[in-house]
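I opened the model and kept notes as I went. The entries follow in the order I looked things up.

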Amino acid sequence: MKLDKIPETMLITLWAKAEEHHYNPPFLVDKKAEEMLPLIDYDFSKFSRSKFSQAGVCLRASLIDKETQTFLSIHPDAVVIQLGAGLDARYERLGCPEVTHWYELDLPEVIQLRKDFFQENDKRSFIALSLFDMEWVEQIKAHNKPILILIEGVLMYFDPEEVKAFFLSLCQRLPKATVLFDMLAYSLVGHAKNHDSLSTMDKKQRPEFKWSERDSHTLEQWHPALHVEREYFMSDYNQGRYPFIFRMLYKIPYFYKRFNQRVVVLGISN
Ligand SMILES: C[S@@+](CC[C@H](N)C(=O)[O-])C[C@H]1O[C@@H](n2cnc3c(N)ncnc32)[C@H](O)[C@@H]1O
């Protein structure tokens, strides 16, 4: 199957999670990614030098796993939706949680591939739709339960206006929800070609990094319902896995703020 630009990036995150078993202690254990990787006809060897991305993807996923677990411990009856799920196996990593419902949404070509590896059940469904097609909101709202929206490795590929309109649309449609997402290092906007894993992709196939904010609190100015509840600067949790030069540079406040990827817990409360 030929994948479009942004969908192809899900193979980077899949590769990163499958590789993580080489590290002790690992950021996460993802048996499903390890199983899937050899079954996909793609030259993953080109990522072998993308050590920074590999650690970053797994650290990001592990922070989002932990935040999801925290949310589910408070709201065991939640409805969870992963937007741009790709081939991510969070549902399996978290032991198939007994929530009200767990949804995974991605573009139709990706959901088609996803169905080769994952199974739906009475509490887990796939949605073949663009995240900007807000039909999915009505589906999750209909359960009338606490809502958790996960968006990982996705928003950075869209124009700032599209991202802002997306959050405003959520505020208009949802009285209350929690959105857990990552924000690209601000200084990487416009520099996909310098990124250690995206730079290995064919130039015509490589998507650009388009969105990040220097300060996540900017989102609070977009709509009064938006509140940053927590934010993780990922370098704080890297356990010595980031390259030495970056670990040194992160000690400088200017660099720390602009070159750090972040995981943000955003509340919507109307
Ligand atoms: C870097 S991958 C991340 C996959 C997954 N979240 C993970 O962390 O492994 C980006 C994902 O965004 C998806 N995507 C791109 N445009 C999308 C859209 N308009 N609506 C929903 N998903 C989209 C791609 O198909 C791909 O699966």
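**Ligand shell**

I sorted the shell around the ligand by class and got 10 nonpolar, six polar and three charged residues. For this sorting, Ala, Val, Leu, Ile, Met, Phe, Trp, Tyr, Cys and Pro are nonpolar, Asp, Glu, Lys and Arg are charged, and the others, Gly among them, are polar. The model is predicted, and local features need pLDDT of at least 70, side-chain atom pairs 80 or more, while totals for chains, interfaces and linings use all residues. Residues are numbered from 1 along each chain as its sequence is written.

I then looked up which residues are closest to the ligand. Of the 19 residues that surround the ligand, the closest are Pro7, Thr13, Gly84, Gly86 and Gly153. A residue counts as near if its C-beta atom, placed from the backbone, lies within 6 Å of the molecule. Helix H1 (5-8) and helix H2 (10-19) are the elements that give two or more residues to this shell. Helices (H or I, at least four residues) and strands (E, at least two) are DSSP runs, numbered from the N terminus.

I found a cis peptide bond between Asn24 and Pro25, with omega about 0 degrees. Pro25 sits in the loop between H2 and helix H3 (31-36).

Cys96 is not a glycine, yet I read a positive phi of about 50 degrees for it. Its place is the loop between helix H5 (90-93) and strand S2 (101-106). Is Cys96 buried or exposed? Cys96 counts as exposed because it has 12 C-beta neighbours inside 10 Å. The cut-offs, with C-beta atoms placed from the backbone, are 20 or more others within 10 Å for buried, 12 or fewer for exposed, and partly exposed in between.

Asn144, also not a glycine, has a positive phi of about 60 degrees. I located Asn144 in the loop between helix H7 (135-141) and strand S4 (147-151). Asn144 is exposed, because 9 other C-beta atoms lie within 10 Å.

**Strand S5**

I checked strand S5 (residues 176-183) and found seven of its eight residues buried. S4 and S5 run parallel and are joined by four bridges; strands pair if DSSP finds at least two bridges between them. Leu148 has Thr178 in S5 as its bridge partner.

S5 also pairs with strand S7 (residues 262-269), in the antiparallel sense, over eight bridges. There I noted Val264 in S7 as the bridge partner of Phe181.
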